[in-house]
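Hi,

Here is the structure I promised to pass on.

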Amino acid sequence: MINLSYERKIMNRSKIITATALATVMTAGAAQAEMSLGGLIKGQITDNDGGGITQGYSTDSIYVSYSDTLDNGMGLSLNYSIYGTGHITNLSIDTGMGTVGLGAGNDSAVDKMDGSPACHQIVGCGSSELATYNDGDTVSGQSVGYTSPAINGFTVKVTRGMESATVEPVVSIATKGTIMGATIGAGVSSIDYKSNATADIDPSFVTVGYSLAGLSLGYAAYDGDNGTDETQFGIGTSMGGFDLGATFADADMGSAADKDLMRLSINKGMGAATFGIDYTETDVAGTNTGDSDRFDFNYVVGF
């Protein structure tokens, strides 16, 4: 699919392996350890329907990753992400029967797997764009997670958040895998609030991606369990060294006016940098209020 894979490609090609340096400061028994250093910036210049031109960053981060093998043979990895307003630490232990994750990087299982295969932006691709959809990430706190080994082509991830003053521990479960050439994902989060004034919700998603004759086809459905839901369709292809994509989204906003979105994307990968231009049109049913047309110039640079 033509979306977040740009970030993964850049990071994969830009790792700095420092095993030699580690060997000078670690014992001989730990000399198998490896460390990688990388960085990423995802920026966007926007002309928003006559509202002036703005520029911002959706990601500006430095990533430090460390991996080693424990004395009992289990794998250990520590990922430390530093970004503009803070940092995230994620510890993973490969038990041989799945991976146990600790730290904020585990929030939540749904958040890790609900990316839309219908989206072709290089900046901003995520899940629901129009409807009110809570993937359980923010309210989970520091979660504990488990990721299964691949079973018949599918991986299952389960996370349990921590209790807060307003929310019970959030439990999230999601799965993603490939069957008959189609990449399928599904999941649900259970978010229960301590106050009766806020309704409990179980937001869920289903995504399907499929490649056919040089075309990448994508479908995504997001149910916020709050009276709003969104359906997305997308198609992409490559031509003349460029990646082209179109995304269509329809949102049922419950008591509010429904919304539709159309986006056309053209992207160009150039090694460590990728550039793209999007045209996005948003329409609110029954009124001109809230309608918008915007152009975005996007860039992703990694090392």
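Is Asp192 buried, partly exposed or exposed? Asp192 comes out as partly exposed, at 30% relative accessibility. For that label, buried means under 20% relative accessible area, exposed over 50% and partly exposed in between, with a 1.4 Å probe and protein chains only.

Before the rest, a word on the source: this is a predicted model, where local features need pLDDT of at least 70, side-chain atom pairs count only at pLDDT 80 or more, and totals for chains, interfaces and linings use all residues. Residues are numbered from 1 along each chain as its sequence is written, and side-chain values use heavy atoms, with hydrogens and water left out.

Back to Asp192: it sits in the loop between strand E10 (182-190) and strand E11 (204-212). Helices (H or I, at least four residues) and strands (E, at least two) are DSSP runs, numbered from the N terminus. Asp192 belongs to a patch of negative charge on the surface, together with Glu168, Asp200, Asp202, Asp223 and Asp225. Patches take residues with over 30% relative accessible area and no salt bridge, joining like charges within 9 Å and nonpolar side chains (Val, Leu, Ile, Met, Phe, Trp, Tyr) within 5 Å. Asp and Glu count as negative, Lys and Arg as positive, while His and the chain ends are not counted. Each charge is placed at NZ of Lys, CZ of Arg, CG of Asp or CD of Glu.

Asp225 is worth a click for its backbone too: phi is near 55 degrees, a positive value in a residue other than glycine. Asp225 lies in the loop between E12 and strand E13 (229-239) and is partly exposed at 37%. Ala213, also not a glycine, has a positive phi near 50 degrees. Ala213 is in the loop between E11 and strand E12 (215-223), and it counts as exposed at 79% relative accessibility.

There is a nonpolar surface patch as well, made of Ile45, Ile53, Phe242, Ile266, Met270, Phe275, Ile277, Phe295 and Phe297, with about 820 Å² of accessible area together. Areas are Shrake-Rupley with a 1.4 Å probe, and for residues only the protein chains shown count as cover. Strands E15 (259-270), E16 (273-284) and E17 (292-302) each supply at least two residues of this patch. Met270, in strand E15, is exposed at 53%.

Now the salt bridges. Side chains of opposite charge can pair when their charged atoms come close. The search of the whole structure gave 4 salt bridges, each being a side-chain nitrogen of Lys or Arg within 4 Å of a carboxyl oxygen of Asp or Glu. One of them joins Arg263 and Glu129 at 2.7 Å, N to O. That pair links distant parts of the chain, 134 residues apart, with Arg263 in strand E15 and Glu129 in the loop between helix H3 (109-113) and helix H4 (137-140). Arg263 is buried at 4%, whereas Glu129 is partly exposed at 32%. Another salt bridge pairs Asp296 with Arg294, the closest N and O atoms being 2.8 Å apart. Asp296 is buried at 3%, and Arg294 is partly exposed at 24%.

Last, the cysteines. The count is 1 disulfide, defined as a pair of cysteine sulfur atoms within 2.5 Å. Cys119 and Cys125 form it, with sulfur atoms 1.9 Å apart, and the link is left-handed, with -100 degrees about the S-S bond. Cys119 is buried at 1%, and Cys125 is buried at 11%.

Cheers
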